Every structure is written in structure tokens, then in C-alpha cells.
Amino acid sequence: MASPASMATRRLFAAASHAGHEGGSARTWKILSFVLALPGVAVCIANAYMKMQQHSHEPPEFVAYSHLRIRTKKWPWGDGNHSLFHNPHENALPEGYEGPRH
């Protein structure tokens, strides 16, 4: 059984946790959104832009590994060799990349 002192402490903490919800909680979250979240998103966008500028646009050399791009049956769309979301600039076929790369 809990002592009277621990019960009083528990009641004090319970009351304190509900005291801030009446007035300033929405204002606090609004301030945090503008002060922390928006600058954080801006930093992430700037980081992604700088990484994109440093990125080499040349593809790696195609190596026909036997365990990659295995086709046991044709895809049910198109010519049967291209996946549903095939990107000719990024996705290689079993024979290699399609056409010229830029």
C-alpha cells in the first residue's frame, strides 16, 4: 500500500500534467512548428540540393551478374522484359542499359 506522502506526490504530478492543457498548449506547438520544424525542413531541402549537385550523373559500369535481373517468366505487360515502373535511365535489363545515357 502506498504511503500518504507518495499519494500526495502522485496527485501533485497528476494535477501539474493537466494544468498546461487549458491555455498555452496550442500556442506552444505553433511556436515550435515555426521555430524548429520549418527551419529543419529547410535544412533538409538544402542538404538534398547540395548532394544532388555533387552527384555524378554517369552510371556505374554494367556487369551482368548471374544472380540479378533473373526472368523466370515474362511480365504480363509491355514486351515482358520491362518491370511495371521501369526507368530506362536507372534500371538495366539483363543485356544492359537501354540506349545512350546522359
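Tutor: The side chains of H86 and E98 are joined by a polar contact of 2.4 Å. A polar contact is a pair of N or O atoms within 3.5 Å; within protein, one must be able to donate a hydrogen and the other to accept it, and residues adjacent in sequence count only if both atoms are side-chain atoms. This is a predicted model, in which local features need pLDDT of at least 70 and side-chain atom pairs count only at pLDDT 80 or more, while totals for chains, interfaces and linings use all residues. Residues are numbered from 1 along each chain as its sequence is written, and side-chain values use heavy atoms, with hydrogens and water left out.

H86 sits in the segment after helix 2 (25-54). Helices (H or I, at least four residues) and strands (E, at least two) are DSSP runs, numbered from the N terminus. Leaving aside neighbours within four places in sequence, H86 is in contact with N91, L93 and E98, where contact means heavy atoms within 4.5 Å.

With neighbours within four places in sequence left aside, N81 is in contact with R71, W75, L93, P94 and E95. N81 is placed in the segment after helix 2 and counts as buried because its relative accessibility is 18%. Buried means under 20% relative accessible area, exposed over 50%, and partly exposed in between (1.4 Å probe, protein chains only).

The whole structure has two aromatic pairs. Rings of Phe, Tyr and Trp (its six-membered ring) pair if their centres lie within 6.5 Å; planes under 30 degrees apart count as stacked, over 60 as edge-to-face and the rest as tilted. The pair of F62 and Y97 is edge-to-face, because the ring centres are 6.1 Å apart and the planes stand at 75°. Both F62 and Y97 lie in the segment after helix 2, so their pair ties together parts that are 35 residues apart in sequence. F62 is partly exposed, since its relative accessibility is 24%; Y97 is partly exposed as well, at 27%. W75 and W77 form a stacked pair, 5.4 Å centre to centre with 20° between the planes. W75 has a relative accessible area of 36% and is therefore partly exposed, and W77 is partly exposed at 31%.

R69 is another residue of the segment after helix 2. R69 is not a glycine, yet has a positive phi of about 55°. Its relative accessibility of 26% is why R69 counts as partly exposed.

Helix 2 itself contains V35, which is exposed because its relative accessible area is 53%. V35 belongs to a nonpolar surface patch with W29, I31, L32, F34, L36 and L38, and together they have about 740 Å² of accessible area. Like charges are joined within 9 Å, and nonpolar side chains (Val, Leu, Ile, Met, Phe, Trp, Tyr) within 5 Å. Accessible areas come from the Shrake-Rupley method with a 1.4 Å probe; for residues, only the protein chains shown count as cover.

As for the whole protein, the secondary structure comes to two helices and zero strands. Of the 102 residues, 6% are buried.

Terms used. Patches are made of residues with over 30% relative accessible area and no salt bridge: like charges are joined within 9 Å, nonpolar side chains (Val, Leu, Ile, Met, Phe, Trp, Tyr) within 5 Å. A salt bridge is a side-chain nitrogen of Lys or Arg within 4 Å of a carboxyl oxygen of Asp or Glu.
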